[in-house]
Amino acid sequence: METLLNNEFPVNQEFAYLNHAAVAPWPESARRAVTDFAQQNTHAGAAHYPDWLMVESQLRANLAQMINAPTETVAFVKNTSEALSFVAYGIDWQQGDRVVIPDEEFPSNRIVWESLQEKGVVLETVSLSGEDPEEKLLRAIAQSPRLVSVSAVQYATGIRLDLKRIGEACKANGVLFCVDAIQIIGALQFDVQACHCDFAMADGHKWLLGPEGLGVFYIRPEVMDQLTLNEYGWHMIEHAGDYSRTDWTPASSARRFECGSPNLLAAHALKASTDLLITEGMDRVEKAICEKTQYLADALQQAGARLITPEHSIGRSGILTFNTNGKDPKDVWQALMKERVICMHRGGGLRFSPHCHTPQSTLDAAVLAAARICQW
């Protein structure tokens, strides 16, 4: 796979890039798509607008395919936080309703639920510690909260949750299930049908290898009407484009969450990136990523590092976090960045996150640099 994608990622000739869990480099095909879009816009204005809308339509189909969802259940959003807010401020909450989240969530999947406390919503956090990270979540679900919201893969430690197990428990107990999928879509196979989630969302700028400013929001059809709309505009109505019409209803599809003009520049880039991932096959992408993180785990431990990522999740996602031998993780991160090892400090240590295209030489160089700087 590295050979097939080598020409798509010139970043690998310049850097040891292990930061896909934060912001990913674009493939060459995405750059070309944006360049062509800019060229058309510069020389022809909106003359090619119908073609641009076709690109957006193809992107929607790509994203739907990647999560095994009908296209009409997929909306474009600016980012994960916006989609989470659509859920949080779309539900008709009652005094005392409970929301359950893990205790390691990224702020996007915590702050939005905390903000509901003034509406009488109670937020409960549960620990993911131990060999069975779902155990405490399942006990909380058995108490029938209104909603459970989890990250498929925890951003700081790389804990990968058994979404099918959680989703089945939510379904059995009548609990709404929301998945922050930003650390799984584009890296691992993700099936909204198999995990019984009601909502899922992700940005395009991490494992999907696209730009910031465009993400995906999935809504299960049976719960779509349960979300009150909080944004309105010309694009979210059933007869969008019929500007002289005075009566309107929200679109019957997930487009009801897209209130205004689309981000067509970002759509061109993300369409090219998702084309690449689909062509490679998400089964092969996942296999390569998990093998690379397992390789990193073995090499780091041989070098003397202590892994922060729990053993049950090592090699099961693209995230691996390790200790810095008593040194400030920010200092180690800065030192690694100066050596052109692009990574991030998270979870009390350093986080490496390779993608399927990451060369073996990058993994080796990063481990050697980390071992030298941390002095394990």
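**Close-up views of a predicted model**

The chain folds into 12 helices and 12 strands. Please keep in mind throughout that this is a predicted model.

**View 1. The whole chain, for orientation.** Let's begin with the overall dimensions. Along the principal axes, the C-alpha atoms fill a box of roughly 70 × 60 × 30 Å. The radius of gyration is 21 Å, which agrees with the value near 21 Å for a compact globule of 376 residues.

**View 2. An open sheet of 7 strands with mixed pairing.** On average, neighbouring strands here are turned by 20° against each other, direction ignored.

View 3. Strand S5 (residues 147-151) and strand S6 (residues 176-180) run parallel and are joined by 5 bridges. Look for Ser151, which stands opposite Asp180 in S6. Helix H8 (residues 163-172) packs on the sheet and touches S5 and S6, its direction making about 155° with that of S6. Helix H5 (residues 80-88) also comes into this view: it lies across S2, S5, S6, strand S7 (199-203) and strand S8 (215-219), and runs at about 160° to S7.

**View 4. An open, antiparallel sheet of 3 strands.** The order here is S9-S12-S11. Strand S9 (320-322) and strand S11 (344-346) take the edge positions, each with a single partner strand, so one side of each has no neighbour in the sheet. From one strand to the next, the twist averages 40°. S11 pairs with strand S12 (residues 349-352) over 3 bridges, in the antiparallel sense, and Arg346 stands opposite Gly349 in S12.

**View 5. A cavity in the structure.** A search of the whole structure turns up 1 cavity of 30 Å³ or more. About 40 Å³ of space lies in the largest cavity. To find the site, look for the lining residues Phe86, Thr228, Leu229, Asn230, Glu231, Arg256 and Phe257. By class, this lining has 3 nonpolar, 2 polar and 2 charged residues.

Definitions and conventions
Residues are numbered from 1 along each chain as its sequence is written. This is a predicted model: local features need pLDDT of at least 70, side-chain atom pairs count only at pLDDT 80 or more; totals for chains, interfaces and linings use all residues. Side-chain values use heavy atoms; hydrogens and water are left out. Two strands pair if DSSP finds at least two bridges between them. Helices (H or I, at least four residues) and strands (E, at least two) are DSSP runs, numbered from the N terminus. Axes are lines fitted to C-alpha atoms, for helices over the stretch in contact, and angles run from 0 to 180 degrees between N-to-C directions. On a 1 Å grid over the protein atoms alone, a cavity is a set of points where a 1.4 Å probe fits but cannot get out, and a pocket is an open set with protein on both sides within 12 Å along at least five of seven lines; lining residues have an atom within 4 Å of a point. Grid points are joined across faces, edges and corners, and a volume is the space filled by probe spheres set on the points. Ala, Val, Leu, Ile, Met, Phe, Trp, Tyr, Cys and Pro count as nonpolar, Asp, Glu, Lys and Arg as charged, and the others, Gly among them, as polar. The radius of gyration is taken over C-alpha atoms; the globule rule is 2.2 Å times the number of residues to the power 0.38. Contact means heavy atoms within 4.5 Å.
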